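Dear colleague,

I am passing on a structure that I would like you to look through when you have time. My notes on what I found follow below it.

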Amino acid sequence: MPGKLKAKIVAGRHLPVMDRASDLTDAFVEVKFGNTTFKTDVFPKSLNPQWNSEWFKFEVDDEDLQDEPLQITVLDHDTYSANDAIGKVYIDIDPLLSSEAATVISGWFPIYDTIHGIRGEINVLVKVDLFNDLNRFRQSSCGVRFFCTTSIPLCYRAVVVHGFVEELVVNEDPEYQWIDRIRTPRASNEARQRLISLMSGELQRKIGLKVLEMGGNAVVGYLQCFDLEGESGLVVRAIGTACTLEKLSGGGATNNAQHTANSSPSKDMKESPKACMSGCRSSHSSPVHGAASRLAQSFSVSYPTLLFSGTQGSNRPRPSLRARGASAAQSLASAARQCRPVFGDECPSNPLSSGPSTPLRAPPFTSFSPSKSYSRQSSSSDTDISLTPKTVLFPARLCLYLSPSSPALSSVAPPISCQTSRPPGSGMAPRSTTPPPSHVAQSEVSMLRKSVSFSEDMLLAASGMGSGGSAGKEAGPLKILLRQQTQTALEQREFPFFTLTSFPQGFLLHVAGVVSARSVKLLDRIHNPDEPETRDAWWEELRQEIKSHARALGCHAVVGYSESTSICEEVCILSASGTAAVLNCRFLQDGCLDVLSEHRCDDSAPPGCGFCHVPYDELNMPFPAQLSPCCCCHRTKVPDVLFTTIDLPTDAQVTGKGCLIQARLCRLKKKSQGEGNATCISNLLPFLEYELHTQLLNKLKLCGMNALFGLCIQISVGENMLVGLASATGVYLSALPSPGGIQIAGKTPNDLTYDQHVSSIQRKINDTIVKNRELYEIHITEVAEDVIGSPIPEPRQRSRLFRSHSESSDELSELDLSHGKKDAFVLEIDDTDAVEDLHSLLTDAPTPPGFYSCNTEIMPGIYNWTSAIQMFTSVRVFRLNNANLTNLGLNKIFNELCENLLKSLYFKLRSMVPCCLCRLNFTVAVPEDELIQVAVTAVAMSFHKDQTQEANKAAQAHSQMKAIAETEEQLQFPLELNAESASPLSPKGSGPQDGSNSHGRAPSVDYSSFADRCSSWIEQLRLRAHTIRRGSIKTSSSPLPEGRSRSLRSTRSFPGSSVSVVKMTPLSFIPGAKIVKYLGIINMFFIRETTSLREEGGVSGFLHAFIAEVFAMVRAHVAALGGNAVVSYSMKECVFMENPNKNQAQCLINVSGDAVIFTRESDQEGHLPQTSHPQPTEDTPP
Amino acid sequence: MSVELDVFVGNTTIMDEEVYQLWLDGYTVDDAVAVRMEGGALQVFEASMEVLHSDTMDQFRTFQMCERLLYYPSKLTNQLLFQIPPQKQAMLIERYYEFDSTFAREVLGKKLSKGTKKDLDDISTKTGITLKSCRRQFDNFKRVFKVVEELKGPLVENVQHHFLLSDALARDYAAIVFFANSRFETGKRKLQYLSFQDFAFCAGQLISNWTVGAVDNMMEDMDVDLEKDFLHNLKELKILINDKDMLDQHRNLVCAQLRGKITVFGEMEANFKNLSRALVNIAAKLTHTKDVRDLFIDLVEKFVEPCRSDRWAIGDVRLFLTHYTSTAHSLDSFRYQQIWERYMGVIKSCILKMYHD
C-alpha cells in the first residue's frame, strides 16, 4: 500500500446552465481513481457551486499512481432522469510522485467536455503521501523525473549520462472510427482519452524502471508519440536519454555555471574530456539549449548521395544515378516479389519474437529468407565497411559530411507484408550486385534529371575528403586513444543514442553528419497487446541501421536522435534520424566527473571548431568527400558542408546570423492498396529524399552558408501523394570553408538567346547570394568574389564536373586529396520549365525587415532578448481542387502554402519587431485525398529592448513579488525553503509539507494588482482610443459635482480576478528569467468533436476554439502545480478529420512540455514604479 | 485550390485594436479587409491581400469567441480560455461597451424591449450605423439595464462594478438606464436639437440630486427612481406664483439684481411672471409620472423657447436663473428654501445645458 492519494473538491464557477427552467444547475462531482469513486453533495441551483468537500482518500499501489490519472467528473443532478455530465478533468498525478517536483496540485481547472469544449471551471486540491517502497521487485518507478527538454535541464547538473531508453506499448483502438458508432461520441471519446492516458502512464512507468535499472534518476529529452494505426491498433512509444541528474543548489550555482559556460569558450572541448559541465547553461546568455527537435516527424533518410560511392564512373553522373535509382527500385520490387509467397498474412515464425525489448539482443533480422542474401550483411551492424557492399553504400550516403547529412538511402525498406521485420536497408544493398536494368532507368531519368548534377557534385566532393577528424597531427594519437576509450564505453550499449540536442561542454567531440533510416511497413492488427514485438522489431531494425551508419562514419554514437512515423491507411513509414558523433566517454561513466572538473586541461585545440573536425580516418575514408583544413585552427580537416540534427553548440564559432532553410516537395503517387502501395511508396522515397536534399543544399548555398542545424525531414504519405518537408537552420560556421557559388548551366549551349537567359538567371542568383550575405551579416575575410562571379565554365566541363567549391587554404593544399581545385557548384537546367521551377524554388521571399527565423533554440548572433515572448500554433489545410496536377504544379502550390503561412506569421507578429521566430516547427500531413495540412508551432521573441517592454517587465516583476507575498499567506502548509532532498527516492512520509518550494505559488501574477499598475497607462490608451473613434462621446463627459459624497472607485479594479499568467515556449529556457524549479512533465491528449460544425464557425472556428482550449488546459495544469511557465512545449499530434456533409468534425491533439517555475532575473526593478501608482490597492474591492 | 482551414492561436491572445473596432462597427470580413487595405495595412511587410484576409478572419473569430465573455465582463477577467493582458482586457471591455451617441440618442428614453429592438433597422438606416453594431449597442443597454435595475446603491458605481467600465462610460450608462427606467420623452421634434450628451448631463444631475441616494448616503434605496417625497413636496413651491405679493416681490428682487447686467432686461422684466410660472408649474406637476416623462419637453417649451425667441444670450439666462434662485431666500414668507435649492439647482444646470441651437 505504498501511497495515499487525497483529493478535495473546493468549488466551481461559470458552470453552464443545465436546467432551462431555472437557468441554473444542480451540480455535484464524482472523483474517481482506479476503481474507487467518491461523490460530493449536490450543490443546488447555482452556477458557482461551493462544495468544499472533505478529503477523499484513495489507498493505492504506486504502480497505479503512475499509470492512472485522477478523474473528476462534474454532473448535473436530475431527480427524474439520468444525471447529465457537464464535463471532466483528468489530472496526471505523476508530478507529485517525485520529491523534487510539485508537492500539491491546487487550482482552477477547465471542465472539459469532448463535445462542448470547456464548460466552466472547478477548483481542486490534490496531494499524495508516498511510503517508501523497499520491494526490489516492484513494478513502479516513482521518483524518476521526466523532461521533454532535450538538454540537461537548467538548474541541474548531469552526473552521468547513461544513454538510450525506449519502450512501446500497444493496444487496440476499438473506437478509432468516429463517424458511425454505437456508443455515443462522448462515451467513445472519453474511453479513448482514458485509454491513451493509461497507456502513456504505463509507458512512462516502464521507461522509469529501465532508468532505475541503469542507475539513473531522470529521463531527459523524453519523446513520446502516438501512432494511431486505425484498425491495427494504437501504439504509444517513447524514447529518451537516461541520466543521473543532480540539482544545483541555489541560484548562485546557476550563475556560476552560466559564467563558466560563457567565459571559457577557450577550453577545448575535444581534447579536454574533463571539461566538466558544471552546470547548466543559463538561459539567455548561452545560445545553446536543447531543442526538442526530435519532434515526431523527422524523416530523413536516404540521400541520393550515395550514388557516388558507386563504382560506376564518377565522372558520368547521369548514368550512375540512373543506375542507382534503378537498382533501388528494382531491388525493392524484387524483394517484394520474393517475399510475397513466403510471408502470408500471418507470417508465422518471426524470428524476432525473442523479446524485442531485451537489450543487447543480437540483431537477427537476417533470417527471413527472401532478403537473406543481402539482409544479412546489412544487419551485421558494424562494420567493416569494405567487406560488404552494403556498408559501403551506406557510408556514402550517409555520411557525408559533406553533403551533409546524407543519410542512408537504405531506409527504404521493402514493403513486404506486415509482421515480418525486414531489414530496412536491404533494398539498397544489391546495388553493386544488380546491374541496372535499363528500362527502369529510363523512366526514372526524367525525374532525376535536374538533380543529377548535384549528386554528382556531392559525390565528388565527398570523395575528396582528407583524413578523419583525428588526423590532426599532434592531436592524433591522443584522440585515437580517447576514442578508443569512449568506444568501449559505448560499445557495451545496444544503442549508443542520445535524444539530447545540446550538450554539456566537453561532451561532444566531433560531429560527422546526419544519419537516418526509413522503412515502409504494412500494418496489421496487433493480436496480442501484451507482446508488441512486431513494432519493437521494426524500430530495432531501424536503430541497428542507424547505428551501422554511424559506425561507417567513424562515429560511435548518435546524438539528436529522434523517431517518427507517418501512417496512411495500412501503410506506415517509420523514420529515425540523428547525427553521428564522437562523444567524450567520461560523461558516460560513473564517478569520473569529479575527476574531470579537476583537470580541465587541454588547450591545444581551438574552441568552437573542434566539433566540426571529421572523426573518420583519412586513410580509410568510408566514402569520397572533400575535406579542407579547418579555417579556425588550420590543424585538422573539416568537411565543406555539415548537416546535423542537433542545436548549435554553445561555443561554436559562427559568422553572422542564421536563417530558416526549408526544402519542400510534393510527389504524386498512384492510388493503390496494400503491398502495391507500399512498393510504390518505397520506390518514390529515395527520389523524394534526394530532391529534398538537393534543395536544401541549393538554398543553403544561396544563403551563403555552410552548415545546417536542427535538420528535420518529414515525409508524409497520403493516398495519392507524398509530401516532404525538410527544415533546418542554416548558419555559417567559421571553421568550415566558405561555400561556393551556384553555377547555372544549360543543356543547349549553342543557342544564343538561351545563353542569355541562363546568364540572367545566373546573375540573379549571384545577386541573391550577395544580398543574403548582407542580410545575414556574413562577412568573410577571404575573397569569395571569384566564386560568385566566376564565369560559366566551358560547356563540357560544366556538364561533367561538379565539385563543391572549397577555399582550401594554401599551406595544406598539397595534402588536399580532393579531386579538384576550385569548382563552383553547378546546376544544370534543361528547359524553361525547369528554369522557372528552379528559380521559384530558389527565390523564397526574404523575411521582412526586423524578422529572423530559425528552427533551433536560438539564433546565432542575437543575444539581447527581451522578456517578450509569444508562443503560437497555426494550422492550415489546403484543398487541391484540381485533380490533374503535375508534380511541378503540386510543388508550386505546396511551396506557396508554406511561404504564405510564413508571411502570415510575420504579419501577425509585426508588433514584436525586431524579433526572431525560434523553433519554427512545421508538421505536414495529408489527411485526405486532396488535402494538405500544415501545422506550425513556434515562439516569437523580441530581442531589442525598448521602453514599453521595460515598463511591462517591471510591472510584471512587481506584481509577481506581490503575488508571492499574497500567496504565502494563503498557503495551507508552511513550506520550507530549499528543503530539496537530493535523493529522488527519499521517503515522502511527511507529505507535501516538506516540499521544497517556497516559490511554489510565487510566480503567479495577479491580474488585478497588475491591472492597477497599468491603470495610468490604460487611461492614456483609452484617451487615445476616444480621440480616434469617430462620433463617440466619451471624452467630454461632464464632471459630476465634486461634493458628491460617494466617490467612485478606481475604474480598473477587477474584482476577484486572479488568473495567473503562464508562459509557454517550445524552447528550453525563458529569456531574462531563471528557471528555479521543474515541476514535472506535461503530457496531455485531448479529443474534441462536434456535430454542429457550421454553428461553431466551420472547421476554422472549431479548430481555433479547440487549440485555445488546449492551451488553456495546459496553462491551468501548470498553474495548479504552482508553475508559471511551460518550456520545451510541443504539439506532437494534431489529427483533424471532418465530414461536412454530416456537419461533423473531430480533432485529436497531443501536447507535451515541462512545467517550471521561473523568476525574473531583475526582480528588484519591480519596486520602482510603485510611486506612480495611481490607485492605491486598498481601493480594490475585496 | 483553396485554403480550407486557417487558424492562428497565440498563447497570449493577439488582438489588433483597429480590427476590433471594425468588428465592433459591424463590418463583414471582406469590408474590413477593404478598409484595412485603404488604411495602408498592405504596406506593412508587403502583406498580400490573402495575408490580410487571413489575419482579419482570425481576429474576427477570436472576438466572436470572446463576445460571450464580454456580456459579463467579470467573466473575462477570470476565465482561463484566453490569456489576455489586463490592459488589453480593459480595452476590450471598454470598446465593447462604447456606443455611438447618435444611436444612443435614438434609443434614449425608450423601453428597452423587443419592440424597440425591431425598430433597429430604421435606426440603422437613419444613423448609418450598421445593424449589427446597433444590435450590439442595444443589447448592451438592455443587459446593463437588467443587471443594474434592481440593485441597491449608487447607480454609476453599480455599473462600474459589474461591467468594469471607465468612469465616463459608466456615467453614460447610468444616464441610459435612468432614462429608460423613467421613460423620459426625448423623441419629440422640439427636442431633436438636443444631443445625447446634453441628456446624459441632465440625467447625471437628476441622479445625483433628485433620487433617494442623493440625500441618504447609506441608502437602502436605489438610484434609479426619483425620490417620491421630494417630488411631493415640490407642490409647496406653488406659493411662489399663487401668492401675488410674493410673485411681485420676487420679480422686484430679481430685477434689482439684474439691472444693467443683462442685455435683455426689458424682455426679462416683462416676461418674469410667465417664466416663473412655467418653472414652478413644472415643479408642481412632477408628482405625476406622465409629467415627469415630459420634463424635458416642458422645459424647452415653457422656458427655453420663450427665452430664445427673445434672443437671450446664455449669459443672460445664467444670471437670471442664478438670481431667480437666490433671491427666493429673501422672500419673507417663503419657507421651502431647501426644496427650492434642490429643485432649482438641477433645473438651472439642465436649462443651461439645453440652451443652445
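This is a predicted model: local features need pLDDT of at least 70, side-chain atom pairs count only at pLDDT 80 or more; totals for chains, interfaces and linings use all residues.

**The nonpolar core**

The largest nonpolar core has 259 residues, and those with the most contacts inside it are Ile122(A), Leu733(A), Phe320(B) and Tyr343(B). The element that gives the most to this core is helix α20 of chain A, covering residues 1098-1120, with 14 residues. For Tyr343(B), setting aside residues up to four places away in sequence, the residues touched are Trp210(B), Phe230(B), Leu234(B), Leu237(B), Leu279(B), Ile282(B), Ala283(B) and Leu286(B).

Chain A averages a pLDDT of 67, and 57% of its residues score at least 70. Over residues 946-1057 of chain A the pLDDT is below 50, although this stretch has 253 contacts in the model beyond near neighbours in sequence. Residues 1164-1182 of chain A also stay under 50 in pLDDT, and for them the model has 26 contacts beyond four places in sequence.

**The two chains**

Chain A contains 20 helices and 31 strands, and of its 1182 residues 67% count as buried. Among the contacts in chain A with a separation of 6 or more, 80% are between residues 24 or more positions apart. Its accessible surface comes to about 38800 Å², and carbon and sulfur atoms account for 51% of that area.

Chain B, for its part, has 21 helices and 1 strand, and buried residues make up 58% of its 357 residues. Its C-alpha atoms fill a box of roughly 90 × 45 × 35 Å along the principal axes. Where contacts in chain B link residues at least 6 apart in sequence, 70% of them join residues at least 24 apart. The accessible surface of chain B is about 14300 Å², with 49% belonging to carbon and sulfur atoms.

Val1062(A) is found in the loop between α19 (1007-1028) and β28 (1063-1064) of chain A. Is this residue, Val1062(A), buried or exposed? Val1062(A) counts as buried because its relative accessibility is 1%, and the cut-off for buried is under 20%. Leaving aside neighbours within four places in sequence, Val1062(A) is in contact with Arg1115(A), Val1118(A), Ala1119(A), Gly1123(A), Asn1124(A), Ala1125(A) and Val1126(A), and also with Asn11(B) and Gln83(B). The C-alpha atoms of Val1062(A) and His1117(A) are separated by 9.9 Å, while the two residues are 55 residues apart along the chain.

**Backbone points to check**

Most residues other than glycine have a negative phi, and most peptide bonds are trans.

- Val913(A) and Pro914(A) are joined by a cis peptide bond, with omega about -5°; Pro914(A) lies in the loop between α17 (887-908) and β26 (915-925) of chain A.
- Lys45(A), which is not a glycine, has a positive phi of about 50°, and its place is the loop between β3 (36-39) and β4 (56-60) of chain A.
- Leu164(B), likewise a residue other than glycine, has a positive phi near 55°. Leu164(B) sits in the loop between α10 (155-163) and α11 (167-182) of chain B, and it is buried, with a relative accessible area of 0%.

With best regards

How values were computed: Residues are numbered from 1 along each chain as its sequence is written. Chains are lettered from A and ligands numbered from 1 in the order in which they are written. Side-chain values use heavy atoms; hydrogens and water are left out. pLDDT is the predictor's confidence in each residue, from 0 to 100. Contact means heavy atoms within 4.5 Å. Helices (H or I, at least four residues) and strands (E, at least two) are DSSP runs, numbered from the N terminus. Buried means under 20% relative accessible area, exposed over 50%, partly exposed in between (1.4 Å probe, protein chains only). Accessible areas come from the Shrake-Rupley method with a 1.4 Å probe; for residues, only the protein chains shown count as cover. A nonpolar core is a set of buried Ala, Val, Leu, Ile, Met, Phe, Trp, Tyr and Cys residues joined through side-chain atoms within 4.5 Å.
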